[in-house]
Amino acid sequence: MASFSTCDSKTIFFFFGLRAACLSLCLVGSVAELQRFEHPPKADGSLSFLVVGDWGRRGLYNQSQVAFQMGLIGEKADIDFVISTGDNFYEDGLTGVDDPAFNESFSNIYTAPSLNKQWYNVLGNHDYRGDAEAQLSPVLRKIDSRWLCLRSFIVNAEIVDLFFVDTTPFVDDYFTNPKNHTYDWRGVTPREDYLSNLLKDVDSALKDSSAKWKIVVGHHTIKSAGHHGVTEELVTQLLPILKANNIDFYVNGHDHCLEHISDTHSEINFFTSGGGSKAWRGDVKWWSPEELKLYYDGQGFMSIQMTKASADIAFYDVFGNVLHKWSLSKHLRSVTDRTFSYA
């Protein structure tokens with residue numbers, strides 16, 4: 001059963017079916033703004049999921065090939081759900097809930113039985129260039145029950161709490177220098193209040209978390225050697241909260257590559273999974289070799305398999321080759337790191 005809470009004092013129960021299982025959601029009154037969903041781990045206490053970002057191109061730019069490999073790895077790993085790090089529909093999000101791009105870029109692409117699980121999605125900057133609220137609408141869940149997209153929310157999975165954060169409104173350029181783009185800021189303005197409340201809610205939720213692992217998911221980068229590089233607004237506003245609350249991983253998209261960067265000043269590891277379709281070959285900036293564990297400028301995705309004691313991370317390319325494996329043990333804080341190269 002999955003539950004979520006807002007500041008509304010009413011309690012609402014509603015159910016939507018999954019193709020492989022039924023996930024129920026209940027709205028519970030609470031002071032917290034962030035909605036909470038329960039996603040139980042397997043009977044043995046383990047949890048497995050895939051992460052993909054920057055994908056929605058109607059199967060083009062190898063999106064379909066990445067989806068095919070996700071299906072194979074998803075079956076082997078017996079995944080519980082999929083996370084999307086945003087930029088779900090290119091170039092300018094959806095035009096509305098009846099936009100055929102939803103089926104053409106999502107439902108008709110990720111068809112493998114193993115991907116027939118809950119998808120937890122955040123919005124990216126390209127999604128905000130269309131009808132952002134369409135992606136948040138329960139109408140899409142009726143079209144494809146796997147779809148769940150909110151601005152910011154929490155998934156409680158017993159051994160891990162996952163905090164999904166709406167990062168696009170943090171970026172100043174989208175407001176001060178939008179160029180020829182039009183952004184859908186409904187639900188976000190006044191921006192200062194929105195960001196202030198969001199940061200307080202994230203900080204409060206992290207402090208209240210008693211889970212063994214804490215993972216924060218956002219679209220934009222905090223550490224990246226890719227095209228967009230570091231998102232300074234997140235470094236100054238969000239990162240101090242993540243460090244103060246000792247999160248384990250920050251997972252993002254935005255840069256169309258696969259990355260693993262550690263932090264010499266904290267125990268946070270930063271993972272970029274933005275290779276769901278179009279990639280940017282050769283677009284890489286210098287980064288300290290002490291921190292940069294993986295940079296791959298091609299298409300692919302990542303998997304995370306967790307128990308209470310350990311987390312195993314793997315990155316895959318468009319052919320299903322393993323690019324990088326990394327493991328972390330909670331008890332001993334021991335790390336195993338393996339990177340693979342292919343001729």
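**Legends to close-up views**

**View A. S114 counts as buried, because its relative accessibility is 9% and the cut-off is under 20%.** The model shown here and in the other views is predicted. S114 is placed in the loop that connects α2 and β7. A polar atom of the S114 side chain lies 2.7 Å from the backbone oxygen of G71. Leaving out residues up to four places away in sequence, S114 touches G71 along with M70, G74, E75 and I79. F81 is 33 residues from S114 along the chain, and the C-alpha atoms of the two are separated by 9.1 Å.

**View B. Helix α1 comprises residues 63-77, and its end C-alpha atoms are 21 Å apart.** That distance agrees with expectation, because 15 residues at 1.5 Å a residue should span 21 Å. Which residues of α1 are buried? They are Q63, V66, A67, Q69, M70, G71, I73, G74 and A77. The cover over the buried residues of α1 includes the strands β5 (47-52), β6 (81-84), β7 (118-121), β16 (300-306) and β17, and also the helix α2 (101-107). Just after α1 comes D78, with a positive phi of about 50 degrees.

**View C. E104, in helix α2, makes a polar contact with R58.** The contact joins the side chains of E104 and R58 at 2.6 Å. Is E104 buried or partly exposed? With 32% relative accessibility, E104 counts as partly exposed. Apart from residues up to four places away in sequence, E104 touches R58, G59 and I109. G59 and E104 are 45 residues apart along the chain, with 7.6 Å between their C-alpha atoms.

**View D. The whole structure contains 30 aromatic pairs, among them F102 with W147.** The rings of F102 and W147 are edge-to-face, at 5.3 Å centre to centre and with 90 degrees between the planes. This pair links distant parts of the chain, since F102 belongs to helix α2 and W147 to strand β8 (residues 147-149), 45 residues apart. F102 and W147 are both buried. The pair of Y183 and W185 is stacked, at 5.3 Å centre to centre and with 10 degrees between the planes. Y183 and W185 are both buried. One aromatic cluster is formed by W55, F89, F102, F106, Y110, W119 and W147.

**View E. Eight strands make up an open sheet of mixed pairing.** In what order do the strands of this sheet lie? The order is β4-β9-β10-β11-β12-β14-β13-β15. β4 (35-38) and β15 (292-296) are the edge strands, each pairing on one side only. From one strand to the next the twist averages 15 degrees. β4 runs parallel to strand β9 (residues 153-156), and four bridges join them. In this pairing, Q35 stands opposite F153 in β9. Helix α6 (residues 191-208) lies across β4, β9, β10 (160-165) and β11 (213-218). The angle between α6 and β10 is about 175 degrees.

**View F. E291 is buried, because its relative accessible area is 7% and the cut-off is under 20%.** E291 sits in the loop between β14 (269-273) and β15. Where does the side chain of E291 make a polar contact with another side chain? The partner is the side chain of K223, at 3.2 Å. A polar atom of the E291 side chain also lies 3.0 Å from the backbone nitrogen of T264. Neighbours within four places in sequence aside, E291 is in contact with K223, H260, I261, S262, D263 and T264.

**View G. β17 and β18 form a hairpin with four residues between them.** G320, in the turn, has a positive phi of about 90 degrees. How many bridges join strand β17 (residues 310-317) to β18? There are seven, and the two strands run antiparallel. V322 in β18 is the bridge partner of Y316. Strand β18 (residues 322-329) is largely enclosed by the rest of the structure, because six of its eight residues are buried.

Terms used:
Residues are numbered from 1 along each chain as its sequence is written. This is a predicted model: local features need pLDDT of at least 70, side-chain atom pairs count only at pLDDT 80 or more; totals for chains, interfaces and linings use all residues. Side-chain values use heavy atoms; hydrogens and water are left out. Buried means under 20% relative accessible area, exposed over 50%, partly exposed in between (1.4 Å probe, protein chains only). Two strands pair if DSSP finds at least two bridges between them. The expected span of a helix is 1.5 Å times one less than its number of residues. Contact means heavy atoms within 4.5 Å. A polar contact is a pair of N or O atoms within 3.5 Å; within protein, one must be able to donate a hydrogen and the other to accept it, and residues adjacent in sequence count only if both atoms are side-chain atoms. Axes are lines fitted to C-alpha atoms, for helices over the stretch in contact, and angles run from 0 to 180 degrees between N-to-C directions. Rings of Phe, Tyr and Trp (its six-membered ring) pair if their centres lie within 6.5 Å; planes under 30 degrees apart count as stacked, over 60 as edge-to-face and the rest as tilted.
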